[in-house]
Amino acid sequence: MAVGLNQYIPVVGDGVVNELRLLGERLAGKRIVNVNSTRVGGGVAEILTRMVPLLRELGLDARWEVMRGTEDFFVLTKNLHNALHGRPVSFGARDAGTYDEVCTENLKSLDLDVDLAFIHDPQPAGLVRSRDSHSAKWIWRCHIDVSAPAPGAWEFIAPMVERYDLSVFSAPQFARSLDMPQALISPSIDPLSDKNRELGETEIQSILARLGIHSEKPIVTQVSRFDRLKDPVGVLHAWQSARKRVDSQLILAGGSASDDPEGAQVLKEVREQAGDDRDVHILDLPPTANLEINAIQRASQVVVQKSIKEGFGLTVSEALWKKKPVIASAVGGIPLQITHKYSGVLTHTIDGTAFWIKQLLSTPDFARRLGENGHHHVFNNFLLTRHVRDYLLAFLFVADGKEDIVRL
Amino acid sequence: MKEFGDALKHVSLSSISYHVFDARLRLESGDNDFSRWIENALGESELAAKLRSLDPYTHTEEGLRGAMIAAINRRLGE
C-alpha cells in the first residue's frame, strides 16, 4: 500500500519533507532504474518497495527491475556473498562464465536507456558492462559488509565495480580502495510501513495468538533470515544459558529470500538444536509477514541481533524504533545504531549475549531507558526520509558532473 | 519577526545548519546569517547579540532551533 510523502510530516516534521521536494525538483523527470536480485525478502527489497514510489512522487521517473538468474547463478552469488563476508571460497573460470551468461541474458531484456542506473549489491554488478551503449551514469550500491573479504572474493567483482561513476557503502569500514568517489549512506526503516507502524495491544495479542504464542512469560526475540551469518543457533544457546536464571520464552522468527539457497538447511539445524522445548518458537514466516514481525517485536521484552556479519542490520533499527532494548553483535553497521549501554547493548559472544539477556530481563527500568534512547537515535538517523534525501543528493552529485559543491 | 520565528519552526535542519555554521565561515566574522539579518533588517541589536552568542557546538541542531525560537518569543513578549 503506497504511503504519500505528506503522511511523513507528523513523524518527521514538514521541514524534512519540504527539503525532499526541493531536491526532487532539481531531479524532475530524471529516469532512474534500480536493479537488484529479488522482489521480496531481505532489506534491499524492503527499502526499494517503499522508496521507489516516494521517488516517483518527488517527480523522478524511477523504476525497479529485478534481474533473473539460474539456480547455478544464485548458488554462485550466495557463495560470493559468503566469501565477501570472509568465508573462504574459490572462484574459477566456470563461475565467471556463469556470471557473465546471466548478465548478458538480463541485458537483453532490461531497459537501461536511463539517466541513472542504480545497481544494488554484487548480483547485478556486472550489468555495467553495457554502459558504453547508453549515456546513463552508474551507481553501485553495496549493502553488505565487505570489510574483510576472503581472498579472491573482492577481486571477482572489483573489475566490474571500478567501471561505476559512484559507489555507495553503509559504513566507513566497508569502503574499499577504488578510483571513483564513494558515498557513505546508511539504510533506513520506514516508520509508516506495516513492519513499523503503531499497533494496538489487541491487534498484537491477536497476531501472537494466531502464531501460537502466549505472552505470560517474557519474550526474547531475534528476527532474521535463517542464515548462518545471523547465528540463530548461537542465539538459542545464549537464551538457554540465560533461562537457567531468568525464565522467558524465545522467538526465532525469520524466512527466506528467493536468492538464498541455504535457508532451508539452517532452519533444519535450528529446529534440531531446539528439540521439543515448548518455550522456543521457531517461526518460518513468508517475506510478506510484516504485521507479524511488527507484533512480535512489540510484544518482546528483549530483542537480540547476534549476527556474525552484518551490513547494517535493519532489524536493530526496527526494534529500537519500537523502544525495545536491543542486544546486538558489535559488527558491521550495528554500532552505528547502538551506543553501548546508552541506546542498546553490544556483545561479542554467546556468553555476553546470555549475560545481557538475564540483565535486561531483571532490570526493566534500565531496559526501558535503553529503548527510549534507541528510538530517539533512530528518529535522528535511520528513517526513510533521511535515506531518500541522501540518495537524492547522490543522484545530484553524479548528474551534476561530480562537483564538490552543487548549488541548488 | 513573528514570521521569522514561525518559519524557523518549519525549515529543515540543513537550512539551520547552513545559516548558522556555514555562515560563520562565509562571513568570517563569528556572525551568522540570522543574527546579521535581525540586526541589519530589523534593527534588533539585543536580539541579534543573543542569537550571535548561541554556541552552535553546544546544542544539537534541534536544540539550536528551539533556543532561537525561544529568544524570539521572549522578545516578542516584551
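In chain A, 72% of the contacts between residues at least 6 apart in sequence join residues at least 24 apart; two residues are in contact if their C-beta atoms, placed from the backbone, lie within 7 Å. Before going on, please note that this is a predicted model, where local features need pLDDT of at least 70, side-chain atom pairs count only at pLDDT 80 or more, and totals for chains, interfaces and linings use all residues. Residues are numbered from 1 along each chain as its sequence is written, while chains are lettered from A and ligands numbered from 1 in the order in which they are written.

Chain A has 15 helices and twelve strands (DSSP runs numbered from the N terminus, with helices being H or I of at least four residues and strands E of at least two). Its radius of gyration is 21 Å, close to the 22 Å that the globule rule gives for 408 residues, so chain A is as compact as a globular protein of that length. Here the radius is taken over C-alpha atoms, and the rule is 2.2 Å times the number of residues to the power 0.38. Along the principal axes, the C-alpha atoms of chain A fill a box of roughly 65 × 50 × 35 Å. Of the 408 residues, 48% count as buried (20 or more other C-beta atoms within 10 Å of the residue's own).

## Two domains

The domain assignment, which is automatic or from a database, gives chain A a domain 1 (5–188 + 384–399) and a domain 2 (201–381). The C-alpha centres of these domains lie 28 Å apart. Each domain of chain A puts 21 residues into their contact. On the domain 1 side, helix α4 (residues 71–84) of chain A gives the largest share, four residues. By class, that side has six nonpolar, twelve polar and three charged residues. Ala, Val, Leu, Ile, Met, Phe, Trp, Tyr, Cys and Pro count as nonpolar, Asp, Glu, Lys and Arg as charged, and the others, Gly among them, as polar.

## A helix pair in chain A

The axes of helix α7 (residues 201–210) and helix α10 (residues 290–299) of chain A come within 9 Å and cross at roughly 110 degrees. That makes α7(A) roughly perpendicular to α10(A), a label for angles of 65 to 115 degrees. Axes are lines fitted to C-alpha atoms over the stretch in contact, and angles run from 0 to 180 degrees between N-to-C directions.

From α7(A), A:Glu203, A:Ile204, A:Ile207 and A:Leu208 meet A:Leu291, A:Glu292, A:Ala295, A:Arg298 and A:Ala299 of α10(A). The residues of this contact divide into six nonpolar, no polar and three charged.

Methods
Angles under 35 degrees count as roughly parallel, over 145 as roughly antiparallel, 65 to 115 as roughly perpendicular and the rest as oblique. A residue is buried if 20 or more other C-beta atoms lie within 10 Å of its own, exposed if 12 or fewer, and partly exposed in between; C-beta atoms are placed from the backbone.
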